[in-house]
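I opened this model to look up its core, its strand pairing and its charged pairs. My entries are kept in the order of the look-ups.

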Amino acid sequence: MNENHRLVRTVFRRADLLASSVLAVEQSTYFAAGKSPVHAEGDSEEVIYFRRGRGKVLRGAEYVEVGPGSAVTIPGGIAHHVVNTGEDVLEHILISADLSRPAAPARALPDTGDYLVHHGADGLQRLACRKFTIAAGEQSPAWTHDDREVVYAISGGFTIVHVGLPGGEYEWQYAMDGSNCFWLPPGRPHFFRNVGDSPLTVVALLCLSDAPPL
């Protein structure tokens, strides 16, 4: 979609995902002076992570300045839009989550020290966001989120994602770079291996799920 000097690519829709509370994941690119229309959704919330460029985000009655590495929360019912205020391209990844039904009680997230948006921040009911870096040739610890779906995006580098079954009897491997995203349902053990020539930067968009681990 090309409107208001921006390009929007829908990476995932809810219909693409199994028993998901994620409504959509989008990658948007704004050219100079590009912007999105002002809008508000009462039955969803969003987290927007910015990978490059400079801009501002309307949140209710105020604007928030953003740049590379910024993460902005959009609680349900808040009027918002994005504006590219720089001379270069502005790019972000957006995740939206369903608020049409009450969220299940959440388990505490591990204290990894790298959360950009904690669960419950600014009144969010389902979403959280973290960013971590893996050195060239290294791999991450293994994680399992029993009550959360995760959408992973790469800001820089190349990786192999190892995903196992809950019992550990089988493992898949998937290649990722900055052009795609990766969705995991709850209960899947996984880790990242940096196979590139530079530090790997991974953004994790977590969504509290109503579905039991698969």
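The entries below go from conventions to core, strands, salt bridges and surface.

**Conventions.** I am working with a predicted model, in which local features need pLDDT of at least 70 and side-chain atom pairs count only at pLDDT 80 or more, while totals for chains, interfaces and linings use all residues. Residues are numbered from 1 along each chain as its sequence is written, and side-chain values use heavy atoms, with hydrogens and water left out.

**Core.** I looked for nonpolar cores, meaning sets of buried Ala, Val, Leu, Ile, Met, Phe, Trp, Tyr and Cys residues joined through side-chain atoms within 4.5 Å. Buried is under 20% relative accessible area, exposed is over 50%, and partly exposed is in between (1.4 Å probe, protein chains only). The largest core has 21 residues, and Phe12, Val25, Val47, Ile95, Val151 and Leu205 have the most contacts inside it. Among the strands that each supply at least two residues of this core are strand 2 (6-13), strand 9 (90-98) and strand 17 (200-208). Strands here are DSSP runs of E, at least two residues long, numbered from the N terminus. I also found a second, separate core of 18 residues, which includes Trp143, Val150, Val163 and Phe192.

I then listed contacts (heavy atoms within 4.5 Å). Leaving aside neighbours within four places in sequence, Val151 touches Phe12, Val25, Ile95 and Leu205, among others. Thr201, in strand 17, is buried at 18% relative accessibility. With residues up to four places away in sequence not counted, the contacts of Thr201 include Lys131, Phe132, Ala153 and Ile154.

**Strand pairing.** I counted two strands as paired if DSSP finds at least two bridges between them. Strand 5 (residues 55-59) runs antiparallel to strand 8 (residues 80-84), with five bridges, and Arg59 stands opposite His80. Five bridges also join strand 5 to strand 6 (residues 62-66), again antiparallel, and Val57 has Val64 as its bridge partner. Strands 5 and 6 form a hairpin with two residues between them, and Gly60 in the turn has a positive phi of about 70°.

I noted positive phi in non-glycine residues too. Ala19 has phi near 50° and lies in the loop between strand 2 and strand 3; Asp122 has phi near 55°.

**Salt bridges.** My rule was a side-chain nitrogen of Lys or Arg within 4 Å of a carboxyl oxygen of Asp or Glu. The count comes to ten. Arg51 and Glu91 form one, with the closest N and O atoms 2.6 Å apart. Arg51 lies in strand 4 and Glu91 in strand 9, so the pair ties together parts that are 40 residues apart in sequence. Arg51 is buried at 16%, and Glu91 is buried at 11%.

Arg101 and Asp210 meet at 2.7 Å, N to O. Arg101 is in the loop between strand 9 and strand 10 and Asp210 in the segment after strand 17, so this pair ties together parts 109 residues apart in sequence. Arg101 is partly exposed at 32%, as is Asp210 at 31%.

**Surface.** Which residues make the nonpolar surface patch of about 310 Å²? Tyr170, Trp172 and Tyr174 make it. Patches take residues with over 30% relative accessible area and no salt bridge, joining like charges within 9 Å and nonpolar side chains (Val, Leu, Ile, Met, Phe, Trp, Tyr) within 5 Å. Areas come from the Shrake-Rupley method with a 1.4 Å probe, and for residues only the protein chains shown count as cover. Trp172 lies in strand 14 (residues 171-176) and is partly exposed at 33%.

Conventions. Helices (H or I, at least four residues) and strands (E, at least two) are DSSP runs, numbered from the N terminus.
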